[in-house]
Amino acid sequence: MQLILNEEEQMVRESAQSFLTDNAGPSLLREIRDTNNPVGYSQNLWQQMIELGWPSLLIPEQYGGLGFSHVAMGQLMEQTGNNLANSPMFATAVLGVSILLEAGSEQQRAQWLPEIAMGNLTLALALDETTRPDPLNIAASVTKSTGGFILNGGKSMVVDGQIADQLIVSARSAGRPGDSGGISLFLIPRDTPGIEVSGTLMMDSRITANIQFSDVTVGKDQLIGTLDQGLVPLTAALNIANIHLSAELLGIASECLQRTVRYLKERKQFGVNIGSFQALQHRAATLWSDIELCKSTVLAALRSLDDSAENASVIASASKVKACKVAQLATNESIQMHGGIGMTDEFDIGFFIKRARIAQMLFGDHRYHLNRYAELSGY
Amino acid sequence: MSDLMTFREDTRRWLEENCPASMRTYMPESEKCWGGRDYVFSSDDQKLWLTRMADRGWTAPTFPKKYGGGGLSKDQAKVLKEELAAITARAPLASMGTEMIGPAILEFGTEDLKQQHLPGIIRGEIRWCQGYSEPNAGSDLAGLQANAEDRGDYFVINGQKVWTSYADKSDWMFCLVKTNTTAKHGGISLVLFDMKSPGVTVRPIQLISGRSPFCETFLDNVRVDKDQVVGEINNGWAIAKYLLTHEREMLGRIGNVPAEKTVAQRAVESIGTKDGHLKDSVLRAELAEWEIDFQSHQLTIERVRDETAVASVGNSSAMLKLYGTQLNQRRRELLIASEGFDAMSWSQDSEARLWLRSKGNTIEGGTSEVQLNIIAKRILGLG
């Protein structure tokens with residue numbers, strides 16, 4: 001395995017870096033927050049991302065996409081971390097596309113993937129029901145009816161659930177919460193009768209949805225994959241999502257370090273730059289080292305997705321653990337090393353910790369994945 | 001088929017035919033092959049394996065062929081490494097020569113020096129030790145005082161070195177000495193001499209582990225001809241820094257020795273499981289975290305090498321050293337915790353000795369604090 005970027009991936013990285021530095025960043029996030037933006041992201045920025053072809057990156061060419069690698073998409077995700085750039089890209093172009101590719105029928109792929117590539121369709125995964133994520137802890141259920149199913153239940157923390165055109169809903173067609181069998185996936189338009197969506201403003205200024213399904217009629221053709229067998233594609237897609245979230249967390253951590261080192265070189269106390277103090281030098285150097293390790297883990301994890309590695313679950317959990325731990329350290333340390341000004345809303349560094357903790361918790365924090373890693377490793 | 005794929009197939013076939021079966025097993029520390037004039041091979045296979053690999057120059061795969069090296073490109077060397085790992089082949093030679101002084105002679109030495117020393121290094125015939133630290137020059141290495149008095153064609157050296165790894169078993173020393181006492185960094189030279197030279201005395205140092213990998217080396221009027229200076233006189237610090245980079249990278253790989261059982265397997269055997277989980281749930285979490293960090297470090301060694309066009313990884317070696325040694329200490333702590341009192345006996349092969357020895361990892365080759373200084377100053381530009 002080559003742990004360097006190829007030309008195409010390097011190009012994606014550089015273009016994402018320059019585009020997002022110019023067009024996103026904490027100033028845009030501040031504007032979104034202070035104007036009470038109803039969707040929690042800049043529609044203008046999203047339009048530009050569509051024009052750049054970003055939603056089509058992971059979509060194979062036969063469905064109108066660019067067919068780039070996960071490593072390439074990971075570079076984009078990392079830069080969205082550096083620049084705190086919110087958009088429907090993650091939920092639609094990473095998570096949604098992955099589920100359709102993992103479980104969608106040929107007809108479903110051909111119908112929906114080109115729409116995503118063109119920027120005409122957004123998706124959201126309605127999965128978790130409890131305050132700490134767990135894909136097995138599903139109570140929402142479907143019962144069979146003539147011509148399809150009736151769906152009842154509630155979902156929370158649905159990323160983009162308030163704006164997505166279609167919801168991918170995981171629901172029990174058999175079994176009980178905690179069972180690994182009996183989970184099925186459905187593609188349901190958000191405006192279907194019986195669906196009630198309410199938004200929750202989160203600390204990262206993004207809005208997530210709570211969704212209530214009351215006797216929602218779902219057609220047979222809306223089932224994605226095999227009935228009762230949804231966990232396999234769901235797990236595969238969550239592995240992909242967690243590796244891309246790791247890339248975002250890596251971007252957040254790198255940006256925190258960069259901003260902190262810059263501050264250490266500017267801020268004077270006792271007549272000298274505070275970066276001349278060994279106590280701070282060693283903290284910054286430790287953080288730099290941890291981020292270097294995280295870079296390798298994330299890059300190898302992205303590469304393993306492109307190589308269709310067999311142990312994707314182990315790799316994804318290892319990647320999420322490392323990225324969560326490093327992002328946690330970086331965001332905490334950057335506030336401490338900024339001192340009092342790091343605690344002010346006026347200064348930008350505080351935006352990073354708010355996004356990091358949510359990205360950490362999304363689809364399992366480092367504790368969840370450490371446990372999963374040990375379990376998958378046979379102890 | 002690409003050249004590299006052809007190389008891989010040829011290499012695989014050659015290894016299949018030439019690596020003795022007993023050299024494809026996990027290697028206990030005591031069976032590491034150090035080579036040297038007085039080396040006693042632990043088996044005929046060990047000797048055969050070294051000879052076969054040395055004949056191809058694969059004990060120093062990227063060294064030029066004209067000195068006996070393998071003449072491989074960086075990519076070919078990586079393939080060789082992967083193919084060796086694939087059959088769990090033992091390293092044919094553990095050597096300060098191929099790892100440290102060899103690359104320095106190649107980079108800075110005269111043609112005569114290269115011809116004199118490189119073939120013996122590559123064949124494992126001469127074992128080398130490193131004369132760096134002194135009683136008053138530890139972290140402040142450039143403060144060394146071993147004095148080299150200029151006598152025209154040669155130097156006469158007086159001083160004391162300490163923490164000289166395996167000085168008692170080595171044939172030659174590469175040694176930092178002071179050739180100009182009025183300058184600090186600018187008064188240091190790197191010289192080579194035979195440990196059998198008159199005036200060289202070696203005394204092993206017993207560590208808290210009860211073992212003695214290190215020595216004190218006393219230099220009493222030792223004569224060194226000027227043609228044994230590597231690079232320019234008084235320019236030894238630049239070479240020392242180059243060598244320290246190699247040493248840090250090497251120490252960063254400490255603990256990356258294939259073992260028969262993983263730490264987790266040993267913990268499971270010792271503690272047992274309940275419902276598939278290790279019975280000690282706190283240790284279980286520590287183990288998982290260590291494994292993830294260890295893999296992360298291995299991947300980082302690989303990535304840093306992939307990113308580097310030249311042989312040296314530069315200042316990143318400080319991070320590899322810092323993290324690699326901490327991980328080895330964590331591994332030893334986990335093994336002690338897993339195996340409990342069984343690991344704490346004072347028998348010769350006790351885990352306790354390895355655990356105690358590992359405490360030196362974050363000190364030798366530059367303390368962790370020195371590594372952090374290097375990262376802060378040279379990489380982050382703080383100062």
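# A tour of chains A and B

The model on screen is a predicted one.

**Domain 1 against domain 3, chain A.** Select the two domains together. Across this boundary, 21 residues of domain 1 of chain A are in contact with 24 residues of domain 3 of chain A. On the domain 1 side, the elements giving two or more residues are helix H2 (26-34), helix H4 (70-82) and helix H5 (89-103) of chain A. Colour H4(A) separately, as the largest share of that side, ten residues, comes from this helix. By class, the domain 1 side divides into eleven nonpolar, eight polar and two charged residues.

**A:Arg355.** Next, select A:Arg355, which sits in helix H10 (residues 349-361) of chain A. Is this arginine buried or exposed? A:Arg355 counts as buried because it has 25 C-beta neighbours inside 10 Å, and the cut-off for a buried residue is 20 or more. Leaving out residues up to four places away in sequence, A:Arg355 touches A:Leu84, A:Asp204 and A:Ile252. For a distance across the chain, pick the C-alpha atoms of A:Arg355 and A:Arg176: the two residues are 179 residues apart along the chain, and the atoms are separated by 33 Å.

**The largest nonpolar core.** Now show A:Ile168, A:Phe186, A:Leu249, A:Ala253 and A:Ala284. Of the 151 residues in the largest nonpolar core, these five touch the most other members. Helix H7 (residues 231-266) of chain A gives the largest share of this core, 18 residues. Centre the view on A:Ala253: with residues up to four places away in sequence not counted, it touches A:Ile291, A:Cys294, A:Val326, A:Ala327 and A:Ala330. Another core, of 61 residues, lies apart from the largest one, and B:Cys33, B:Cys129, B:Val162 and B:Cys175 are among its members.

**Domains of chain B.** Move to chain B, which is divided into domain 1 (3-94), domain 2 (128-235) and domain 3 (253-379). The centres of domain 1 and domain 2 of chain B, taken over C-alpha atoms, are separated by 31 Å.

**A helix pair in chain B.** Select helix H4 (residues 96-108) and helix H6 (residues 236-252) of chain B. Their axes come within 9 Å and cross at roughly 145°, and H4(B) passes H6(B) in a right-handed crossing. Which residues of the two helices make the contact? From H4(B), show B:Glu99, B:Met100, B:Pro103, B:Ala104, B:Glu107 and B:Phe108. From H6(B), show B:Ile239, B:Tyr242, B:Leu243, B:His246, B:Glu247 and B:Met250. The contact of H4(B) with H6(B) has eight nonpolar, one polar and three charged residues.

Note on methods:
Residues are numbered from 1 along each chain as its sequence is written. Chains are lettered from A and ligands numbered from 1 in the order in which they are written. This is a predicted model: local features need pLDDT of at least 70, side-chain atom pairs count only at pLDDT 80 or more; totals for chains, interfaces and linings use all residues. Helices (H or I, at least four residues) and strands (E, at least two) are DSSP runs, numbered from the N terminus. A residue is buried if 20 or more other C-beta atoms lie within 10 Å of its own, exposed if 12 or fewer, and partly exposed in between; C-beta atoms are placed from the backbone. Two residues are in contact if their C-beta atoms, placed from the backbone, lie within 7 Å. Ala, Val, Leu, Ile, Met, Phe, Trp, Tyr, Cys and Pro count as nonpolar, Asp, Glu, Lys and Arg as charged, and the others, Gly among them, as polar. Domain bounds come from an automatic or database domain assignment. A nonpolar core is a set of buried Ala, Val, Leu, Ile, Met, Phe, Trp, Tyr and Cys residues joined through C-beta atoms within 7 Å. Axes are lines fitted to C-alpha atoms, for helices over the stretch in contact, and angles run from 0 to 180 degrees between N-to-C directions. A crossing is left-handed if the near helix is turned anticlockwise from the far one by less than a right angle, and right-handed if clockwise.
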